[in-house]
Amino acid sequence: MKILERIESLLENVFEGISRKGYSSIQPVEIGRKLVKVMEAQRRISIARTYVPNVYVIQLHPDQLKELESLQHTLIRELRGFLLQKAEDKNLSFIGNLKIAFAASSGLEPGKVEIDASFVEASDVLTDEFMDHTSEVMNPEHTQVFSAQDQIRRLPLLLVQGAKKQMTYQIIPGRQSIGRSFQCDLVIEDQNVSRLHAWLMPFGGKWKLIDNDSTNGTYLNDQRIQECVLNDGDQIRVGTTILVFRDGED
């Protein structure tokens, strides 16, 4: 419940402010719980795995969405971690990177939350506009999607130097998770690594590394960090595994 409690704390003052303005309040944990409900309701069982949607658009009344404007990126990060943990606990798999965005819906009553969910395969890449756009209701089925070949030029890399194996991980556009769980985009086979240890996310043309409150911490060039922008040659340590960041430029 740690992440859900943090979401509740994050939203508490915001929604109290909304209530004072005369709007119907949204319970702080309602969004997280509804995400899980929608995820489970759209499960698709294959031969080997049970798949769930990986793209979620959270719709709120425009006035209430405006109240969340300054917190959206933080809230999305928290909700993403919460949903990843729930999927891991229930042995559910995403077909591609997990994406969450907020959108305004003038047709919704204040205090109501609706969530659209869809499947977008890993070979497809959602544009940053999808993550940032909040001016209208977005239907994921109509959101413009580009192939990796259209967007990828010289992609950055992580050179993974672990005790069990060494490998090269190519970073693709979009936020990605790092951890011991098989649900993560980059799976680290290291018992000293948390199940959901850290995230990589695009940031102003560069990449940012964000620790997910991991047990043993995330280190950049031997300094423990919470979040930090990466530069070519930076050495990341998670558990006993070293990840060398290469920015992909010639």
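The following legends describe close-up views of a predicted model.

In this predicted model, local features require pLDDT of at least 70, and side-chain atom pairs count only at pLDDT 80 or more, whereas totals for chains, interfaces and linings use all residues. Residues are numbered from 1 along each chain as its sequence is written, and side-chain values use heavy atoms, with hydrogens and water left out.

**View 1. The chain as a whole has six helices and 19 strands.** Helices (H or I, at least four residues) and strands (E, at least two) are DSSP runs, numbered from the N terminus. Of the 250 residues in the chain, 49% are buried; buried means under 20% relative accessible area, exposed means over 50%, and partly exposed lies in between, with a 1.4 Å probe and protein chains only. Contact means heavy atoms within 4.5 Å. Among contacts between residues at least 6 apart in sequence, 61% join residues at least 24 apart.

**View 2. Helix H2 (residues 30–41) packs with helix H4 (residues 72–89).** Their axes are 10 Å apart and meet at an angle of about 45°. Axes are lines fitted to C-alpha atoms, for helices over the stretch in contact, and angles run from 0 to 180 degrees between N-to-C directions. H2 and H4 are therefore oblique to each other; angles under 35 degrees count as roughly parallel, over 145 as roughly antiparallel, 65 to 115 as roughly perpendicular and the rest as oblique. The contact includes Ile31, Leu35 and Met39 of H2, and Leu79, Phe82 and Leu83 of H4. By class, this contact has eight nonpolar, one polar and two charged residues. Here Ala, Val, Leu, Ile, Met, Phe, Trp, Tyr, Cys and Pro count as nonpolar, Asp, Glu, Lys and Arg as charged, and the others, Gly among them, as polar.

**View 3. Strands E5, E3 and E6 form an open sheet in the order E5-E3-E6, with mixed pairing.** Two strands pair if DSSP finds at least two bridges between them. Strand E5 (99–104) and strand E6 (114–118) stand at the edges, each with a single partner strand, so one side of each is left without a neighbour in the sheet. The twist averages 20° from one strand to the next. Strand E3 (residues 55–60) pairs with E5 in the parallel sense over six bridges, and Ile58 has Phe102 in E5 as its bridge partner. H2 lies across E3, E5 and E6, at about 40° to E6. H4 lies across E3 and E5, at about 135° to E5.

**View 4. Strand E19 (residues 241–246) is joined by five bridges to strand E9 (residues 157–161).** E9 and E19 run antiparallel, and Val160 stands opposite Leu243 in E19. Strand E18 (residues 235–238) also runs antiparallel to E19, with four bridges between them. Ile236 likewise stands opposite Leu243 in E19. E18 and E19 form a hairpin with two residues between them, and Gly239 in the turn has a positive phi of about 60°.

**View 5. Asn91 and Asp222 lie in loops.** Asn91 is found between H4 and E4, and its phi is near 60°, a positive value in a residue other than glycine. Asp222 is placed between strand E15 (218–220) and strand E16 (223–225). The phi of Asp222 is near 70°, again positive in a residue other than glycine. Asp222 counts as exposed, at 63% relative accessibility.
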